[in-house]
Protein chains: 2
Amino acid sequence: MSRFSFNQITAKHWGLEDLVKGLVAADVDKVALWREPVQEYGLERSAALVRDAGLEVTTLCRSGFFQAPDWFDDNRRAIDEAAALGTPVLVLVSGGLPPGSRDIAGARRHVADAIAQLVPHAAAGGVTLAIEPLHPMYAADRCVISTWDQAMAIAQQHPVGQVGVTVDTYHLWWDDTALDKISRAGSRIAIYQLADWVTPLPAGVLTGRGLPGDGCVDMAAFHAAVAQAGYTGPIEVEVMNEELWQRPGPEVLAATVASYQAVT
Amino acid sequence: MSRFSFNQITAKHWGLEDLVKGLVAADVDKVALWREPVQEYGLERSAALVRDAGLEVTTLCRSGFFQAPDWFDDNRRAIDEAAALGTPVLVLVSGGLPPGSRDIAGARRHVADAIAQLVPHAAAGGVTLAIEPLHPMYAADRCVISTWDQAMAIAQQHPVGQVGVTVDTYHLWWDDTALDKISRAGSRIAIYQLADWVTPLPAGVLTGRGLPGDGCVDMAAFHAAVAQAGYTGPIEVEVMNEELWQRPGPEVLAATVASYQAVT
């Protein structure tokens with residue numbers, strides 16, 4: 001359990017104070033936080049809450065969305081939030097196509113340009129930008145960065161430690177070329193996240209992910225690949241699932257811990 | 001309009017006799033047929049119906065599903081059906097993972113083996129097996145062949161004309177490496193199909209495709225790529241859309257023709 005981190009979205013409706021209490025009670029010492037609940041509770045208050053509880057914040061999720069008009073200012077704020085929370089990693093979901101656009105190649109170039117513009121501020125704050133390739137089913141409306149290769153190509157334009165890549169089993173499991181490349185990615189792996197692929201997909205395809213072990217992803221193969229790369233950092237379980245969200249926070253945490261232990 | 005082919009699934013609920021009459025009335029001389037409605041109407045009757053109407057059958061959709069216990073016999077029957085209909089192309093949707101499996105690499109190897117076992121019968125019948133890479137969101141439950149590269153790697157184990165690849169814009173648009181490879185695929189392109197990507201995706205993600213021009217796919221880029229490859233064959237519009245299916249067949253055909261003309 002020493003590498004386990006509970007990603008806040010897995011218990012979306014669990015209030016931040018109760019979440020922190022619940023993690024401490026369950027002897028979990030790592031958490032990934034999301035921007036919206038942190039902003040709602042207050043950034044400084046949130047930072048103090050987790051610090052006083054002895055929790056390590058493994059990532060802040062998530063910034064990016066580079067097609068939004070205010071992407072530059074909003075991402076700089078997100079970097080500041082990550083720094084204030086003491087987390088070394090800000091996860092980037094790069095956004096979909098601009099309204100009415102059919103130029104996905106152009107949108108991908110814009111993501112690379114945008115990240116380059118953010119790197120100085122992130123580096124100054126000691127925050128690694130962790131580009132997350134999202135499953136290609138999100139390419140139009142959520143993230144034009146769809147593959148490990150695309151994320152790595154952008155990350156490699158910058159020093160290790162300033163820009164990295166998020167390994168999320170849910171998004172990469174289908175790609176027959178990804179595991180081998182992950183195993184050779186060394187310090188470019190900024191964070192490692194687990195979720196499982198279950199079908200049928202729900203409308204909107206966002207909230208039907210499974211706890212590790214509940215679907216068809218070969219988690220052992222991913223563990224081996226990140227280990228071969230030399231990654232020894234936290235392992236987040238990040239599951240968006242409508243049914244899971246209906247359950248009380250402590251139950252969700254217990255189910256998440258059990259699933260984590262079963263696959264690691 | 002000389003290359004336009006109406007894929008039967010686009011007007012799913014249009015009976016075969018009415019479909020044939022409707023196509024003739026609209027001066028459309030090419031159609032792609034589906035196995036289930038052909039079997040329902042009768043194979044020989046269907047063949048006579050389209051032959052007497054002067055229709056060219058561009059493909060038979062679809063066989064494959066290599067995880068099914070009777071895959072070998074069923075695919076041989078599909079080849080026979082294609083030959084009886086006089087179509088040169090049988091589209092293959094390769095099937096998902098076996099129940100409970102997490103071995104997607106093994107499932108992909110099985111697809112390659114299965115196709116190799118079917119090639120002699122297909123070649124004898126003068127039918128090209130057209131492997132269709134389906135969008136990675138179908139990798140678990142519908143088709144483990146998710147990319148152009150995977151389909152081509154299998155096709156290239158066999159002579160051109162015996163095994164080819166289906167270019168479907170809906171399944172390939174997100175892949176930044178596909179267009180360039182398609183443009184160099186020469187005679188491996190067995191058929192070219194159009195559908196557009198529209199969001200949000202419906203539950204099950206099968207029946208929310210758009211008519212060409214209604215979504216975010218750069219159809220012009222695909223046209224250029226298949227042209228550069230030297231493909232001059234039929235262009236099918238194949239759209240599975242629940243709302244479209246509720247409309248009368250002639251309306252669906254008219255909308256499909258209009259969308260085709262707008263993007264070609």
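Helices (H or I, at least four residues) and strands (E, at least two) are DSSP runs, numbered from the N terminus. The legends below describe a predicted model, in which local features need pLDDT of at least 70 and side-chain atom pairs count only at pLDDT 80 or more, while totals for chains, interfaces and linings use all residues. Residues are numbered from 1 along each chain as its sequence is written, chains are lettered from A in the order in which they are written, and side-chain values use heavy atoms, with hydrogens and water left out.

**View 1. A:Leu49 and its contacts in chain A.** A:Leu49 belongs to helix 3 of chain A, which covers residues 43–52. When neighbours within four places in sequence are set aside, A:Leu49 is in contact (heavy atoms within 4.5 Å) with A:Leu16, A:Glu17, A:Val20 and A:Tyr41. One of these, A:Glu17, is 32 residues from A:Leu49 in sequence, and the two C-alpha atoms are 7.6 Å apart.

**View 2. The largest pocket and its lining.** On a 1 Å grid over the protein atoms alone, a pocket is an open set of points with protein on both sides within 12 Å along at least five of seven lines, a cavity is a set of points where a 1.4 Å probe fits but cannot get out, and lining residues have an atom within 4 Å of a point. Grid points are joined across faces, edges and corners, and a volume is the space filled by probe spheres set on the points. The largest pocket holds about 330 Å³ of space, and of its 20 lining residues A:Ile9, A:Lys12, A:Trp34, A:Arg62 and A:Met240 are the closest to its centre. Two or more lining residues come from each of helix 2 (35–41), strand 3 (56–64) and strand 4 (89–93) of chain A. By class, the lining has ten nonpolar, three polar and seven charged residues, where Ala, Val, Leu, Ile, Met, Phe, Trp, Tyr, Cys and Pro count as nonpolar, Asp, Glu, Lys and Arg as charged, and the others, Gly among them, as polar.

**View 3. The largest cavity and its lining.** The structure holds one cavity of 30 Å³ or more, and about 100 Å³ of space lies in the largest cavity. Its lining is made of 13 residues, with B:Arg62, B:Val93, B:Leu134, B:Arg209 and B:Met240 nearest the centre, and strand 3 (56–64) and strand 4 (89–93) of chain B each give at least two residues to it. Seven of the lining residues are nonpolar, one is polar and five are charged.

**View 4. The interface of chain A and chain B.** Each chain brings 29 residues to the contact, and together they bury about 2,200 Å², 62% of it on carbon and sulfur atoms; buried area is the accessible area (1.4 Å probe) that two parts lose on being put together, summed over both. A:Arg102, A:Trp173 and A:Trp174 supply 26% of the area that chain A buries against chain B, more than any other three residues.

**View 5. Backbone details in chain A and chain B.** The peptide bond from A:Cys61 to A:Arg62 is cis, with omega near -10 degrees, and A:Arg62 lies in strand 3 of chain A. Another cis peptide bond joins A:Thr199 and A:Pro200, with omega about 0 degrees, and A:Pro200 sits in the loop between strand 7 (189–194) and helix 9 (219–228). In chain B, B:Phe65, a residue other than glycine, has a positive phi near 45 degrees.
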